[in-house]
Amino acid sequence: MKAFFKKLSLSRSQASPPPTPKASSVQEVASHDAQLPLHPDLKLTTVRDSVKNIERFRILCVGCSGVGKSSLINLVFGVHKARVSKYIPGESDIEQEYISDQNEYFVLHDSKGFEPGDTSTFNVACNFVSRRSEMKELKDRLHAIWLCTETPASGGRIFERGDEKLLQLAHEKGIPTVIVFTRYDKLVEIKKAELLELDDKLAPELAMQSATKQASEVLNEFVQSARRTMKNLNIPRVEHAKVSIYPGYDADAAYLVELTRDIVQKELQNDEWVMWSVAQRASLPVKIDACVDKGINYYHLSMAGAAPGSVGKILLRECLSRVHQDIVTCWNFENGEKVLNSEEFRQLMLYLVKDVHEKSPSSTPPDIDKIANFVTLVTAASAPIAPPVAILGLSFFFLKWLSDTVLDNLPSVERIIMAYTVDLILVLKSYFDFMLRKPGLAGKIDWIDLKEAFEAYERTDERQRNHEFYRSTFEENKSLDRDAFRAKIRELLTEDYSIIEPE
Ligand SMILES: Nc1nc2c(ncn2[C@@H]2O[C@H](COP(=O)(O)OP(=O)(O)OP(=O)(O)O)[C@@H](O)[C@H]2O)c(=O)[nH]1
Ligand SMILES: [Mg+2]
């Protein structure tokens, strides 16, 4: 996964006045949906509602210089390089907001660690945390803290008194906090070297296996001891995660992302967890969960007569378009607006799901050659603005049906919405997987690679199986209620992915 997160560059702006992003999709989302009311009873917010309200996930990284804060941020948010200022004595760097031009959905505050006797850094940090926790607007509040400390290799105190006090304060202010043990690979390497010194004939894989186990035991002892100290100081339990930016430790970064999401979801009352799911680029399950929980809410809002901007009934094509936009926002690929929200990509998605609408007795797989021709046309220099739908063989009747059909509890409508949602998530997932094997891609999306992702998805028998499922589940006169609908989508998607718990 590391390859995905290689590039990185954060631009810096001052906290006050708040940063003005360039022509950004945050702004586009905000202006596009400015007039959209939420439906308070239903709590059916969409991904775009969360982006509109929260704008960016605001995270504070605290830790001594060199512990690996910037490297971790690069890894988790899939950016190239966290340009971090040199600390100037007396200047409070924590106030500075770092906003990446490669991932605009998070804002980073960076604080050096608390050395004994350095009360000024500590006071500035506490002041910042208190103030940011009390701000009126959700978007201005601090949404999470990562207290970073290098994974200890030998005995000694892990936390300074200042760290303990910060944990206490974060608890009082209700700010989700995780203790992050960085550069974990170094502990594993130490253990491996010790083992090889004892037995130089030990096979490298066996040495690595034992070293991994021993490192985990050593860290666990530190954690238990730190927990005892905190208990004595009446500091409530704070969750922890270990990380490394090195290959082979991807599951640890994904676990940190999942843990952060869980704590944010539990401690904060709003949709900050959705903003987190959008901003991070290290965990597939976190993205998929948010898509399932929020991505199809426009459809449910429409069915409840509460869809934003609706006067009368919503048309199926409009609904698919809103669901599409929401899921694409959640995936937060660089270039996502340009490629994934294009009319051409929407046409490809319709092509992918059209067979669930047709009356033939079994699903027909999409023609890979047609997709290839279509992509060639889309990417050709002399291409017309919208390539002829005819290449894909999207029938006039199918398109007209989508454009004329009003949303209703009709099996044919539910079938298409479910097929579109699941297929879109699986194509994006396929691209995500594919990208990890191509170091140069690093979070960007383009047509040629997207085509390969389509083909990879097509090669799985998952598509065929899912399409048969949609057709059999939504037979004539059979429809699902909101919870059952969501549960089915989750079921179809979770067959294929699972959260990997690191040791
Ligand atoms: N072995 C190992 N080295 C790491 C890891 N993460 C970061 N490093 C290295 O540690 C050094 C410091 O990393 P940074 O990410 O710049 O640390 P920082 O906490 O941001 O440091 P300041 O910006 O000075 O506060 C760099 O040389 C990184 O390459 C890791 O997981 N394992
Ligand atoms: Mg740094």
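The residues of the shell around ligand 1 divide into 4 nonpolar, 8 polar and 5 charged; here Ala, Val, Leu, Ile, Met, Phe, Trp, Tyr, Cys and Pro count as nonpolar, Asp, Glu, Lys and Arg as charged, and the others, Gly among them, as polar. The structure is a predicted model, in which local features need pLDDT of at least 70 and side-chain atom pairs count only at pLDDT 80 or more, whereas totals for chains, interfaces and linings use all residues. Residues are numbered from 1 along each chain as its sequence is written, while chains are lettered from A and ligands numbered from 1 in the order in which they are written.

In total, 17 residues surround ligand 1, and the closest are Ser65, Gly68, Lys69, Ser70 and Ser71. A residue is near a molecule if its C-beta atom, placed from the backbone, lies within 6 Å of it. Two elements give two or more residues to this shell, namely helix 3 (69-77) and helix 6 (184-198). The largest share, 3 residues, comes from helix 3. Helices (H or I, at least four residues) and strands (E, at least two) are DSSP runs, numbered from the N terminus.

Strand 2 (residues 57-62) is mostly covered, with 6 of its 6 residues buried. A residue is buried if 20 or more other C-beta atoms lie within 10 Å of its own, exposed if 12 or fewer, and partly exposed in between, with C-beta atoms placed from the backbone. In a regular strand the side chains alternate between the two faces of the sheet. In strand 2, Phe57, Ile59 and Cys61 lie on one side and Arg58, Leu60 and Val62 on the other, and both faces are covered.

Strand 2 pairs with strand 4 in the parallel sense over 6 bridges; two strands pair if DSSP finds at least two bridges between them. Within this pairing, Val107 of strand 4 is the bridge partner of Arg58. Strand 2 also pairs in the parallel sense with strand 5 (residues 144-150), over 4 bridges, and Ala144 in strand 5 stands opposite Ile59. By contrast, the pairing of strand 3 (residues 97-100) with strand 4 (residues 106-111) is antiparallel and runs over 2 bridges. Val107 in strand 4 stands opposite Ile99, and a hairpin of 5 residues joins strand 3 to strand 4.

Two packed helices are described by the angle between their axes and the distance between the axes. Helix 9 (residues 272-279) packs against helix 10 (residues 284-295) at an angle of about 130 degrees, with the axes 9 Å apart. Helix 9 is therefore oblique to helix 10; angles under 35 degrees count as roughly parallel, over 145 as roughly antiparallel, 65 to 115 as roughly perpendicular and the rest as oblique. Axes are lines fitted to C-alpha atoms, for helices over the stretch in contact, and angles run from 0 to 180 degrees between N-to-C directions. Helix 9 is mostly covered, and 8 of its 8 residues are buried, including Trp273 and Trp276.

The axes of helix 10 and helix 12 (residues 316-331) come within 10 Å and cross at roughly 155 degrees. Helix 10 is therefore roughly antiparallel to helix 12.

His171 is placed in helix 5 (residues 161-173). This residue counts as partly exposed because His171 has 16 C-beta neighbours inside 10 Å. Between His171 and Val238, the C-alpha to C-alpha distance is 8.9 Å, although 67 residues separate them in sequence.
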